[in-house]
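Student: I have not looked at this structure before. Could you walk me through it, please?
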Amino acid sequence: MNTLIALYTISHKEIHRFLRIWPQTLLPPAISTSLYFLIFGKLIGDRVGSINGVGYMDYIVPGVILMSVISHAYSNVASSFYAAKFQSHVEELLVAPVSSWVILVGYVSAGVLRGLMVGSVVAIISLFFTELQVYNLTIILVTAFFTAILFSLAGFINAIFANNFDDIALIPNFILTPLNYLGGVFYSVSMLPEIWQHISLANPILYMINSFRYGFLGISDISVELALGRVLGFIVLLTLICLNLLQKGTGIRD
Amino acid sequence: MYALSIENLTKTYSNGFVALKGIDLDVEEGDFFALLGANGAGKSTTIGIVSSLINKTSGSVSIFGHDIVKNNKQAKMNLGIVPQEINFNQYETVENILLIYAGYFGIARKEAKIRAKKALKQMHLWEKRDTVSRRLSGGMKRRVMIARALIPKPKLLILDEPTAGVDIEIRRSMWEMMEQVNKEGTAIILTTHYLEEAENLCRNIAIIHEGMIVENSDMATLLSYINVNYFILDLEKTLITPPEIAGYKFDLIEDKVLSVAIPKSNSLNQLFEQLSIHNIQIKSLKNKSNRLEQLFMDIVQ
């Protein structure tokens, strides 16, 4: 039994799936983020002025890129794995001698790639509105990569527990989107009243956006080491949860 | 070594329904085995547990000596499964379904292509290899599932009602395929509602009823239990009521069609003599149903 062949098969199948329907998976973020940059960055941003010494457009670009990475990494895995459950072809994986970790890595790798590809598309779109600075490329890449992994894992958990397509939309609409918007994409947490600054620290997306922004602009509301450490901790935690759920067969057996 | 060995297998679903109440079952290497039971008897739950699609409550299952929990991968490597419901990605082409499945079993692409070609030709699907599977007929989709199950060259193949809803021509070609696969050394477990299929194909049989094995023997022994034969008689003339002849039980199906139950101790000659006495002329006769069907009904009722 060649585990690498099984891993490649799952990963290739999932990547091929989202590339085959690229007008649904890669194109929409280009349009929606263009509107963000136009409305928030250009039209409103010119009146906002600067934040922490950086022009408003430059300030929001990293957050908007990472927001796209988050939502697309998440939705790729959530929708694809749930569809496999819904159409019962997840059974092909369950009857085959494939380890839980191979299934997980196969799905997550596709989610990560889609998240990073969408992030790249948004980054290219942003070049029409501003000049992107790069302060620390390693931190940009590591943060984007970690974030894509984390939210692919979260999407996988969502798919495991989902019983219908509404359950797939529920978490992105009611949890992910508010956390994204309250994670400091469009503002600095230092602008908030002290109590809200403390509450914001419970939002994991705040750490990722600040770390990512640091990579571009060299400014952050919180320590980058702390941010990346927490993201890594969340990745380990969610990986263990996913493997445990797969091992028990939660949501996919019985 | 047994192809499949099940010991004291139980399953209680989360809603409290007890589907299996302690099943013991052994299937020999190379056997052609029928697992029969009415809807809800526990056949699909048993197959689901064997194929790792359903978690068991207690008991043990091993495939060619490999426990499905402790040696999960080795057990799965020996198993091919054809489920009742379509469970492949209907947006993939026929050949891709097989190639992806081969990949899950760690089969390299080059080898997978060779095996896929052979399996698709065997199932008369080679011409459809580039067709998106949702465009196939129901019978073709079932054959895709059989072709897919053959890809890893399993030593045990479980077919859960593979011929359900399939026309007789395709059903016959499936029987030929199953016999061929069995001749090549693969043990086959077949569940079916067409009992003549089980009677014609299988050497051994188990009947499951309300989560328990109520009969487990070879086909010949089981059929020897039958002590009544059933026939349909086509009559020359119309009858209004069925005749009453001691030792025989008649039912009037249509005005010129009669069914009769004949104890094995009575000969057909005796029947014809009695009918002649009652002035009933027979044009032709045929078996009412296959023998196994009657026995099955007797056992589960």
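Tutor: Let us begin with chain B. Of the contacts in chain B with a separation of 6 or more, 66% are between residues 24 or more positions apart; two residues are in contact if their C-beta atoms, placed from the backbone, lie within 7 Å.

Student: Where does this model come from, and how is it numbered?
Tutor: This is a predicted model, in which local features need pLDDT of at least 70 and side-chain atom pairs count only at pLDDT 80 or more, while totals for chains, interfaces and linings use all residues. Residues are numbered from 1 along each chain as its sequence is written, and chains are lettered from A and ligands numbered from 1 in the order in which they are written.

Student: What is the mean pLDDT of chain A?
Tutor: Chain A has a mean pLDDT of 91, with 99% of its residues at 70 or more; pLDDT is the predictor's confidence in each residue, from 0 to 100.

Student: Which elements of chain A have the lowest and the highest mean pLDDT?
Tutor: The lowest mean among the elements of chain A, 80, belongs to strand β1 (residues 50-51), and the highest, 97, to helix α7 (residues 137-161). Helices (H or I, at least four residues) and strands (E, at least two) are DSSP runs, numbered from the N terminus.

Student: Back to chain B. How many helices and strands are there?
Tutor: Chain B has 10 helices and 14 strands. Its C-alpha atoms fill a box of roughly 75 × 45 × 35 Å along the principal axes.

Student: How many of the residues in chain B are buried?
Tutor: Buried residues are 41% of the 301 residues in chain B. A residue is buried if 20 or more other C-beta atoms lie within 10 Å of its own, exposed if 12 or fewer, and partly exposed in between, with C-beta atoms placed from the backbone.

Student: Which strands make up the sheet with β11 in chain B?
Tutor: It is an open sheet of four strands, in the order β12-β13-β11-β14 of chain B, with antiparallel pairing. The edge strands are β12 and β14 of chain B, each pairing on one side only. Two strands pair if DSSP finds at least two bridges between them.

Student: How many bridges hold each pair?
Tutor: Strand β11 (residues 228-235) of chain B pairs with strand β13 (residues 257-263) of chain B over seven bridges, and β11(B) pairs with β14(B) over five bridges. Strand β12 (residues 249-254) of chain B also pairs with β13(B) over five bridges, and a hairpin through two residues joins β12(B) to β13(B).

Student: Which residues stand opposite Ile232(B)?
Tutor: Ile232(B) has Ser259(B) as its bridge partner in β13(B), and it stands opposite Lys286(B) in β14(B). Elsewhere, Val228(B) has Pro263(B) as its bridge partner in β13(B), and Leu252(B) stands opposite Leu258(B) in β13(B).

Student: And how well covered is β14(B)?
Tutor: Strand β14 (residues 282-287) of chain B is hardly covered, for the count of buried residues among its six residues is zero.

Student: Why does Tyr230(B) count as partly exposed?
Tutor: Tyr230(B) counts as partly exposed because it has 18 C-beta neighbours inside 10 Å.

Student: One last topic: is helix α6 of chain A mostly covered or mostly uncovered?
Tutor: Helix α6(A) is mostly covered, with 19 of its 27 residues buried.
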